[in-house]
Amino acid sequence: MCNPACFIFTVWLIALLVYPGVPARSGESYLKDNITVRQGDSAVLKCNVDNKVSRVAWLNRTTILFTGNEKWSLDPRVVLLNTAVTEYSIKIINVNLYDEGPYVCSILTNKKPESTKVHLIVQVPARIVNISADVSVNEGSNVSLMCLAIGRPEPSILWKFRSSKSEGKGNRIITEGEYVEMTGITKDMSGSYDCITSNDISPPDVRTVQVTVNYPPVISRARSTGTAVGQKGVLWCEASAVPLADFQWYKGERRLFNGLNGVKIENKGKQSMLTFFNVSEEDYGNYTCVAMNTLGITNASIILYGPGAIHDVNNAALSPTSSFLLLTLVLTLSVLSKF
């Protein structure tokens, strides 16, 4: 049977559960500092007692956790610590968000209840929970990227850009916030977009969206070459394009094919080479390199000349679009190749 002191203590515990914010009139209470822990860590809640204490208990918002050494809570993560005689402490292992809130250490001293209140604050590392998928768009399109993150305190979000043409040169901050809006995107905006979220609880969480910008071919290298009769001659043509350009070579209006008439055509990535293994007088003249993909077509005129010929040794004639005759010829050959 519960004695008067036990009865007073029991009523006090019930009062703390029913009215957690208001201590009973017959008792005293004081608020200790908040305890802040990171999600997944352990929290130790301390309560100082002395030899005049007859009964002690720990409570949270809705549950009696311990009375003395007797455990009332069914949560295996909550344990009573065997510490000093003057300390009545509990430990919560693997703290989660639902553990956050007020905790009360209730003490009965000389039939007078007292309580110590502790507020547990749980911090959650910033984490990206949703981000845009990699995207491939045509030049001139509008692009919107999204990155959503959670955490406590509220995390910040920063976007950084790494150009596909300048790997290893560092990142460039472009904006803050969940969204990146790009209008009229250009090929220079193709690359990696890093979403970085942080709230200083743990190292930043980083996810990347790859943006590929498709654009028509642009010939960046086409140099005329001088070679003596009987020697090996090579004409080069280089074109930037996404998707990669397909190449064709012409002399006048006649298309050249690999392995025919003593020439070799070799395409590697954005480069194409036209090789003459044994240059003859008939090989000298003007050649046209045609670069094309699904978005457009362009060409460059390149000259194979002999010793002493008058020529432009620096650059061949570059054209942003092919001549009408050459374009008609290429398209006609492409259609015929399907039959």
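# A tour of disulfides and rings

Begin by selecting cysteine 47 and cysteine 105, whose sulfur atoms lie 2.0 Å apart and form a disulfide. This is a predicted model, and the torsion of -80 degrees about the S-S bond makes the link of cysteine 47 and cysteine 105 left-handed.

Next, select cysteine 147 and cysteine 195, which are joined by a disulfide with an S to S distance of 1.9 Å. The torsion about their S-S bond is about -80 degrees, and the disulfide is therefore left-handed. Because cysteine 147 lies in strand S12 (residues 143-152) and cysteine 195 in strand S16, the pair ties together parts that are 48 residues apart in sequence. Cysteine 147 counts as buried at 0% relative accessibility, and cysteine 195 likewise counts as buried at 0%.

The ring centres of phenylalanine 161 and tyrosine 193 are 4.7 Å apart and the planes stand at 40 degrees, which means that the pair is tilted; both residues are buried.

Which cysteine is bonded to cysteine 237? Selecting cysteine 289 shows the partner, with the two sulfur atoms 2.1 Å apart in a disulfide, and with -85 degrees about the S-S bond this link is left-handed. Cysteine 237 sits in strand S19 (residues 233-242) and cysteine 289 in strand S24, 52 residues apart, and both cysteines are buried.

Stay on strand S24 (residues 285-293) and select tyrosine 287, together with phenylalanine 276 in strand S23 (residues 271-276). Phenylalanine 276 and tyrosine 287 form an edge-to-face aromatic pair, 5.4 Å from centre to centre and with 65 degrees between the planes. Phenylalanine 276 is buried, with a relative accessible area of 2%, and tyrosine 287 counts as buried at 2% as well.

Two charged side chains complete the selections. Lysine 187 lies over the face of tyrosine 215, at 5.4 Å from the ring centre, and arginine 221 lies over the face of tryptophan 236, at 4.7 Å from the ring centre.

Finally, display the whole protein chain, which has 2 helices and 26 strands and in which buried residues make up 39% of the 339 residues.

Methods. Residues are numbered from 1 along each chain as its sequence is written. This is a predicted model: local features need pLDDT of at least 70, side-chain atom pairs count only at pLDDT 80 or more; totals for chains, interfaces and linings use all residues. Side-chain values use heavy atoms; hydrogens and water are left out. Helices (H or I, at least four residues) and strands (E, at least two) are DSSP runs, numbered from the N terminus. Buried means under 20% relative accessible area, exposed over 50%, partly exposed in between (1.4 Å probe, protein chains only). Rings of Phe, Tyr and Trp (its six-membered ring) pair if their centres lie within 6.5 Å; planes under 30 degrees apart count as stacked, over 60 as edge-to-face and the rest as tilted. A charge sits over a ring if NZ of Lys or CZ of Arg is within 6 Å of the ring centre and within 35 degrees of the ring normal. A disulfide is a pair of cysteine sulfur atoms within 2.5 Å.
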